[in-house]
Amino acid sequence: MIEITSKCTGCSRCVPVCPFGAIHVADKKAVVGEACTLCGACVQVCALEAIEISRPEASADLSAWKGLWVFVETAPVLKPGKGGHLEITDAKTLKPVTHELLSAGRKLADELGQELCAVLVGDQVEGFVDELASYGADKVYLVQDEALKDYNTDLYAMVVIGLIAKHKPNIVLYPATYVGRDLAPRIAAEIHAGLTADCTGLSIKDGLLLQTRPAFGGNIMADILCPNMRPQMATVRPNVLRKDEPQPLKKAALVRETPKIDKNVARVKTLEKRITAVHGEKKIDQANVIVSGGRGVKTKDKFKVLEELADLLGGAVGASRAAVDMGLKPKTQQVGQSGTTVMPRLYLACGISGAIQHIVGMRASDVIVAINKDPNAPIFSVAKYAIVGDLHDILPRLAAGLKEKKK
Ligand SMILES: Cc1cc2nc3c(=O)[nH]c(=O)nc-3n(C[C@H](O)[C@H](O)[C@H](O)COP(=O)(O)OP(=O)(O)OC[C@H]3O[C@@H](n4cnc5c(N)ncnc54)[C@H](O)[C@@H]3O)c2cc1C
């Protein structure tokens with residue numbers, strides 16, 4: 001319910017910001033019409049705090065909440081520019097985590113007997129509808145507006161909250177990326193829904209979304225259910241869920257939504273877009289091969305053989321948190337719970353003990369090879385091939401062998 005209190009002076013600041021055109025001023029007081037979705041955009045701009053929203057408990061009728069939604073994240077396409085630096089283009093691509101969420105969402109939606117829907121917000125993004133369908137979406141909610149060209153917390157939250165209020169999804173999944181981690185909590189707080197961040201597993205239990213994530217520093221896995229509120233919401237990191245092969249012939253129903261977007265609601269303005277240089281390090285999140293080093297590598301200089309191996313294998317160099325804390329590699333290369341989750345075809349762990357916080361970030365790799373001088377190192381419990389020995393002796397020989405093969 002929305003209430004305009006006696007503090008209202010009829011200044012009309014709330015009128016243009018309502019995306020649904022639900023507010024007008026009469027007799028020096030704001031009046032809210034039936035089109036209101038309780039999105040809260042008006043509350044944000046009212047300097048007199050004269051607007052109060054109380055949302056009905058979702059538990060009143062949970063059966064009205066249906067469908068599993070995936071928030072779609074796009075990313076600009078980069079091209080090589082001057083001096084070997086990358087430049088941002090106007091073209092966009094779907095972030096691979098969207099494919100992963102849709103693939104997992106498809107199975108969950110089937111188990112629930114509900115629709116899988118993609119929520120596509122942006123400017124000139126309609127071209128992605130078929131791709132979303134090919135990864136399983138039955139329906140795509142499309143909101144296109146020039147003001148939504150770049151991600152903006154206030155505008156995107158307002159749009160998604162409006163869609164949730166109108167269509168009542170049972171579950172909403174977001175990527176645990178910079179965007180998803182910013183957007184999902186904002187929405188959860190606004191609509192009083194629960195949110196489980198950084199899930200490592202999702203399944204259905206008694207008709208509810210079972211959300212699994214590490215807790216207590218990664219030492220236990222917690223299973224979380226949200227029985228009383230809707231939608232049930234979770235974020236999942238890239239490379240945690242496996243994506244399915246796309247089905248190019250599958251089609252999705254397109255639902256165009258046209259909320260009125262007032263740029264004035266946005267409290268953050270994009271002044272400039274820049275790519276942060278990773279100091280020549282190849283990114284680990286999409287690498288097929290990762291040669292990762294831990295405290296056992298000992299020095300920056302000794303990491304060079306790992307870099308050489310990664311080059312020979314066409315891969316990237318990763319690191320444990322201990323190696324990052326020692327300043328041997330930048331934080332961008334850290335694998336694990338407080339770093340990046342990776343899923344390469346080959347993960348070579350060198351001088352890494354295998355603490356649970358490291359393992360949760362790499363155990364989904366296809367083939368894990370571990371080199372450690374301690375035969376009881378826990379890393380061997382997840383490794384397909386275990387090499388017990390001194391990495392400073394083994395790695396140069398491995399590199400020399402690969403070079404020889406390449407001749
Ligand atoms: C909340 C929280 C979040 C965390 N997040 C992360 C994370 O994201 N990623 C992460 O990695 N850690 C994380 N950690 C830290 C984690 O608990 C471990 O401390 C860390 O992973 C240890 O790194 P390491 O294996 O390189 O070092 P160590 O545990 O010290 O292991 C070094 C290994 O190198 C071997 N070794 C030494 N010399 C040689 C040699 N010459 N040849 C072969 N082997 C050798 C040793 O036998 C040993 O097994 C986190 C911890 C907490 C509490």
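**Close-ups of a predicted model**

**View 1. A five-stranded open sheet.** Here 5 strands line up as β18-β17-β19-β20-β21, an open sheet with parallel pairing. The edges belong to β18 (316–319) and β21 (385–388), each with a single partner strand, so one side of each is left without a neighbour in the sheet. From one strand to the next, the twist averages 20°. Two strands pair if DSSP finds at least two bridges between them. Strands (E, at least two residues) and helices (H or I, at least four) are DSSP runs, numbered from the N terminus. What you're looking at is a predicted model: local features need pLDDT of at least 70, side-chain atom pairs count only at pLDDT 80 or more, and totals for chains, interfaces and linings use all residues. Residue numbers start from 1 along each chain as its sequence is written.

View 2. β20 and β21 are joined in the parallel sense by 4 bridges. Look for Val369, which sits opposite Tyr385 in β21. Helix α7 (residues 304–312) packs on the sheet and touches β17 (289–293), β18 and β19 (346–350). The direction of α7 makes about 175° with that of β17. Touching rests on contacts, meaning C-beta atoms, placed from the backbone, within 7 Å. Axes are lines fitted to C-alpha atoms, for helices over the stretch in contact, and angles run from 0 to 180 degrees between N-to-C directions.

**View 3. The shell around the ligand.** The ligand is surrounded by 29 residues, and the closest are Gly294, Gly296, Arg321, Ala322 and Gly336. A residue counts as near if its C-beta atom, placed from the backbone, lies within 6 Å. Elements giving two or more residues to this shell are α8 (321–325), α9 (356–359), β20 (367–372) and α10 (391–406). The largest share, 3 residues, comes from α8. Sorted by class, the shell has 8 nonpolar, 16 polar and 5 charged residues. In this sorting, Ala, Val, Leu, Ile, Met, Phe, Trp, Tyr, Cys and Pro are nonpolar, Asp, Glu, Lys and Arg are charged, and the others, Gly among them, are polar.

**View 4. Around strand β9.** Strands β8 (residues 116–122) and β9 (residues 139–144) run parallel and share 6 bridges, with Ala118 facing its bridge partner Val140. Between them the chain passes through helix α4 (residues 129–134), a right-handed β-α-β crossover. β9 is also joined to β16 (residues 253–256) by 4 bridges, and here Tyr141 stands opposite Val255.

**View 5. Where domain 1 meets domain 2.** An automatic or database assignment sets the domain bounds: domain 1 (2–54), domain 2 (61–265) and domain 3 (289–406). 12 residues of domain 1 are in contact with 12 residues of domain 2. On the domain 1 side, α2 (41–45) gives the most, with 3 residues.

Terms used. Right-handed = clockwise from strand over helix to strand, strands pointing away. Contact = placed C-beta atoms within 7 Å.
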